Amino acid sequence: MRSLSKILATGLLAGGIAFGVGACGGDKPPGPLEKHFDDMYIASVPLEQKQSVVQSQNDWSLAKMQNAKAEADLNEAETQLSIVRNDQKAAQLGVDSANQQKKAADASADSARINQAAKELHSAQALAKAADQRVHYFEAYRNYLKSVLRHAQENMYWREAQYELAKAQIGQKNGIAPKGVSYDAFGEQEHARGKRESSSKDQVNDDKHRAEDARDDWRKAQENADRENGHPTNLPDPMASKS
C-alpha cells in the first residue's frame, strides 16, 4: 500500500500538482503524501514509547471514516437534487396548465369560472416560485457538502502526515537513522498539510452560510405557497434540525 501511495504521489507531481503551501486554498484536491516512515524502523521500540504513534494512527483512522461519510452524504445530496429539479419541472407544468385554463375561462365570460381560474393560476405560480427556490437551496446545500468532503480529504491526509511525523520523531529520538531519510521533511510535510486543512475549513463555513441563506429563502416562498393552496406541505429539508 505504501509503494502504491508513492507511485501515485510521483505521478501527480509530474502532472504539475503541488502539495506544498502554495496549493492551500486552491481548487485542486489533495493527493497522497510524499513522505512515509516505514513502520519496521521502529518495530523494536517499546510500545510505551509509541503512544503518540498509536494516538495519531487512531486519529487518522477516524479521519478516513469521516471522509467516507462525507462522500456518502454528497452522493445522497446529488440524488436529492435530481428529484428536486424534477419537482421544479412539474411545478412549471402546473403553471402552464393553469394559464391555459385561465385563457379558456376568460373566453367563456363566466365570472365565477374566471375568478376560480385566476386563483388557481396564482396558486400554481406560488408553487413554482417555491420550487425554484428549493432548487437553489439544494444546489447550495450540495455545494456545501462538496466543501465538507474537500475538508474531510484534507483532514485525512493531514492526520496521516501527523502519523508519519510521530513515527519519525520516535525513530529520531531513539537514534535510528535510515539511509536517505530526512527527519525535517516529515515536519515540513505535516505543516503544509495542516495549512491546507485549515484553509479548507474556512470554505466549509462560508458555503454553509450560503446554504442556510438559500434555505431561508425557500422556506419563505414555500410558506407563502402553502397559504395560497390552503394546506401545508412536508417536503424533505436536509438542513432542518434533527430531533
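1. Rings of Phe, Tyr and Trp (for Trp, its six-membered ring) are taken to pair if their centres lie within 6.5 Å, with planes under 30 degrees apart counted as stacked, over 60 as edge-to-face and the rest as tilted. On that basis, ring pairs join Phe37, Tyr41, Tyr183 and Phe186 into a cluster.

2. This is a predicted model, in which local features need pLDDT of at least 70 and side-chain atom pairs count only at pLDDT 80 or more, while totals for chains, interfaces and linings use all residues. Residues are numbered from 1 along each chain as its sequence is written, and side-chain values use heavy atoms, with hydrogens and water left out.

3. The structure holds 7 aromatic pairs. Tyr137 and Phe138 form one that is edge-to-face, at 5.3 Å centre to centre and with 70° between the planes.

4. Lys64 lies over the face of Trp60, at 4.0 Å from the ring centre; a charge sits over a ring if NZ of Lys or CZ of Arg is within 6 Å of the ring centre and within 35 degrees of the ring normal.

5. Ile176 is found in the loop between α3 (111–173) and α4 (183–229), where helices (H or I, at least four residues) are DSSP runs numbered from the N terminus. Not counting residues up to four places away in sequence, Ile176 touches Tyr41, Ile42, Val45, Gly171 and Tyr183, contact meaning heavy atoms within 4.5 Å. The C-alpha atoms of Ile176 and Ile42 are separated by 8.0 Å, although these residues are 134 apart along the chain.

Methods: Helix = DSSP H or I, 4+ residues; strand = E, 2+ residues; numbered from the N terminus.
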